[in-house]
Amino acid sequence: ADEEELAPAETLVAQIKESGDLEASGTSLATFEDVGLTVPRGRYDIEMFDKFLKLHGKTYDYKVLYTNVASVYVLPKQDNYTMAFVVSLEHPLRQGATMYPHIVMQLPRDATVDLEIALDPAELKRRFDDKLERSESGELVDLLPKVMCAFTKKKVVRPKVGGFNGEKEDKFKSIRCSLKANDGFLYPLDKCFFFVANKPLHIDFERIGSLEFNRVDKAAQAQSARTFD
């Protein structure tokens, strides 16, 4: 009787595997090891699968479907040494009561990586045209966004050349600011503001109704104040 009950279940599992291509989905195609993340905080191995990526950390693992990726940003930090690589999601990751609508990676400019993509040349060309090669090497700040954009089919967003510049001498692409108790850096981009902090925030320009500057008065100007609310 038990064998008769199991037979239909085993048949269903086989059918699901065939229709869902689960065997291919379960094979890691590329891996970036020990990448530092500020949101969620920790060091993670990033494994690229057929239809999703996996963040494998010491305490938690996260799975992100490529179809859940809304946009990808590469933003230079003011230390001139690291880049913030941001993956924004349609549906946030969840860990208990904490939600993560954005994944923020901190990539050193001098880090290099050698990458092997586990696909034969014909399959690699079919999936990615000429965007990726089986063996890739170079700086992490260039290679990780390149691979991420190829798998997610999203274009990377960067600050425009000749766009916003902060300090004249250093040409910062961001403004240091705070949102309540959340301290970070605000990036004016082509179509939005992006606030990189422990709680990142994305604000489309078309959703902004008004701008108001407070505490900008003659007394403050007399003191050469460098801040405003």
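A: Phe205 is partly exposed, with a relative accessible area of 32%. The class comes from cut-offs: buried is under 20% relative accessible area, exposed is over 50%, and partly exposed is in between (1.4 Å probe, protein chains only). Phe193 is also partly exposed, at 21%.

Q: What should I know about the model itself?
A: This is a predicted model, where local features need pLDDT of at least 70, side-chain atom pairs count only at pLDDT 80 or more, and totals for chains, interfaces and linings use all residues. Residues are numbered from 1 along each chain as its sequence is written, and side-chain values use heavy atoms, with hydrogens and water left out.

Q: How do I read a sheet, and in what order do the strands of the four-stranded one stand?
A: Strands of a sheet pair through backbone hydrogen bonds, either parallel or antiparallel. Two strands count as paired if DSSP finds at least two bridges between them. Strands (E, at least two residues) and helices (H or I, at least four) are DSSP runs, numbered from the N terminus. Here, four strands make an open sheet in the order β11-β12-β13-β14, with antiparallel pairing. β11 and β14 are at the edges with a single partner strand each, so one side of each has no neighbour in the sheet. On average, neighbouring strands of this sheet are turned by 30 degrees against each other, direction ignored. That angle is taken between axes, which are lines fitted to C-alpha atoms; angles run from 0 to 180 degrees between N-to-C directions.

Q: How many bridges join β11 and β12?
A: Five bridges, in the antiparallel sense. Leu179 stands opposite Asn182 in β12. Lys180 is found in the loop between β11 and β12. Lys180 has a positive phi of about 55 degrees, although it is not a glycine. Its relative accessibility is 83%, so Lys180 counts as exposed.

Q: Which strands form the other open sheet?
A: Eight strands, in the order β4-β3-β2-β1-β7-β6-β5-β10, with mixed pairing. β4 and β10 (156-157) are its edge strands, and each pairs on one side only. Inside the sheet, β5 and β6 (residues 82-95) run antiparallel and are joined by seven bridges. Ser71 has Ser88 in β6 as its bridge partner. Look also at the loop between β1 (30-39) and β2 (41-48), where Pro40 lies. The peptide bond from Val39 to Pro40 is cis, with omega near -15 degrees.

Q: How do I read a pocket, and what is the volume of the largest one?
A: Take a 1 Å grid over the protein atoms alone: a pocket is an open set of points where a 1.4 Å probe fits, with protein on both sides within 12 Å along at least five of seven lines, and lining residues have an atom within 4 Å of a point. The volume is the space filled by probe spheres set on the points. The largest pocket has about 1200 Å³. It is lined by 28 residues, and the closest to its centre are Ile175, Arg176, Cys177, Leu186 and Phe228. β11 (175-179), β12 (182-188), β13 (192-197) and β14 (201-204) each supply at least two lining residues. β11 gives the most, with five.

Q: How much space lies in the second largest pocket?
A: About 230 Å³. Its lining has 13 residues, and Asp50, Tyr66, Phe128, Phe151 and Lys153 are the closest to its centre. α3 (121-128) and α4 (140-152) are the elements that give two or more residues to this lining. α3 gives the most, with four. In the loop between α3 and β9 (135-139) is Asp129. Asp129 has a positive phi of about 55 degrees, although it is not a glycine.

Q: How do I read aromatic pairs, and how many are there?
A: A pair of aromatic rings is described by the distance of the centres and the angle of the planes. Rings of Phe, Tyr and Trp (its six-membered ring) pair if their centres lie within 6.5 Å; planes under 30 degrees apart are stacked, over 60 edge-to-face, and the rest tilted. The count here is eight aromatic pairs. Tyr66 and Phe151 have ring centres 5.6 Å apart and planes at 50 degrees, so this pair is tilted. Tyr66 lies in the loop between β4 (61-65) and β5 (69-76) and Phe151 in helix α4, so the pair ties together parts that are 85 residues apart in sequence. Tyr66 is buried, at 6% relative accessible area. Phe151 is buried, with 6%.

Q: At what angle do the planes of Phe193 and Phe205 lie?
A: At 80 degrees, with centres 5.0 Å apart, so the pair is edge-to-face. Phe193 lies in strand β13 and Phe205 in the loop between β14 and α5 (218-222), so the pair ties together parts that are 12 residues apart in sequence.
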